[in-house]
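Trainee: I would like to take a close look at a single part of this chain, and then see how that part sits within the whole. Could you walk me through it with care?

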Amino acid sequence: MAKMPDVTVPVPDERVAEFYKFFGTWLAGEASSFSKLSEVPSESHEVSSWSLNDGDEANILWPKLSPQARAVFGYLMDRPGERHTGREIADAVQISNGASGVAGVLAWPARHCAKLNRALPTEWREGEDGSDSVYWMTQEVAELFRETRKAAEH
């Protein structure tokens, strides 16, 4: 396997979802040049938040998630409303590269969610004054994905 350096890129809060969409497209080999950037949906592309009525979409998303993405989602959905740093999550679910690794793990789910016209089921806020960013899942979204996980396990 080729060496994969850890790369950190500052992204404005209002463009994080767009960055994840582009990064997922690029990882898939679908954005081979900057001319393809126009093919990535912009932030103005409306995406919906998840609700308890989105069981069909959640059932489409869940099997597409990597084991690491399922671990991140599982960690957050089993602790709804609690905010955890990327470093805490990485340590808890054994993701290398700490907080950067967690952000990377969420790139593909963001892409899959975009195809469903949904936002990531996780919430995210950049830390203030250099502190770590935090991630969490709302109670409603956590309930939806706990049901989805349960159905997938049977």
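Trainee: Is Trp-136 buried or exposed, and what is its relative accessible area?

Mentor: Bearing in mind that this is a predicted model, Trp-136 counts as buried because its relative accessible area is 9%, under the 20% cut-off for that class. Trp-136 belongs to strand β3, which covers residues 134-136. If we set aside the neighbours within four places in sequence, the residues in contact with Trp-136 are Leu-76, Gly-81, Glu-82 and Arg-83, together with Thr-122, Glu-123, Trp-124 and Arg-125. Met-77 is 59 residues away along the chain, yet its C-alpha atom and that of Trp-136 are separated by 8.0 Å.

Turning from this residue to the whole chain, there are seven helices and three strands, and from the N terminus on they follow the order α-α-α-β-α-α-α-β-β-α. Among contacts between residues at least 6 apart in sequence, 66% join residues at least 24 apart, while 37% of the 154 residues count as buried.

The largest nonpolar core has 29 residues, of which Trp-50, Leu-61, Val-72, Phe-73, Ile-89 and Phe-145 touch the most other members. At least two residues of this core come from each of α2, α3, α4, α5, α6 and α7, and α3 gives the most, with six residues. For Val-72, again leaving aside neighbours within four places in sequence, the contacts are Ile-89, Val-93, Ile-95, Val-105 and Leu-106.

Terms used. Residues are numbered from 1 along each chain as its sequence is written. This is a predicted model: local features need pLDDT of at least 70, side-chain atom pairs count only at pLDDT 80 or more; totals for chains, interfaces and linings use all residues. Side-chain values use heavy atoms; hydrogens and water are left out. Helices (H or I, at least four residues) and strands (E, at least two) are DSSP runs, numbered from the N terminus. Buried means under 20% relative accessible area, exposed over 50%, partly exposed in between (1.4 Å probe, protein chains only). Contact means heavy atoms within 4.5 Å. A nonpolar core is a set of buried Ala, Val, Leu, Ile, Met, Phe, Trp, Tyr and Cys residues joined through side-chain atoms within 4.5 Å.
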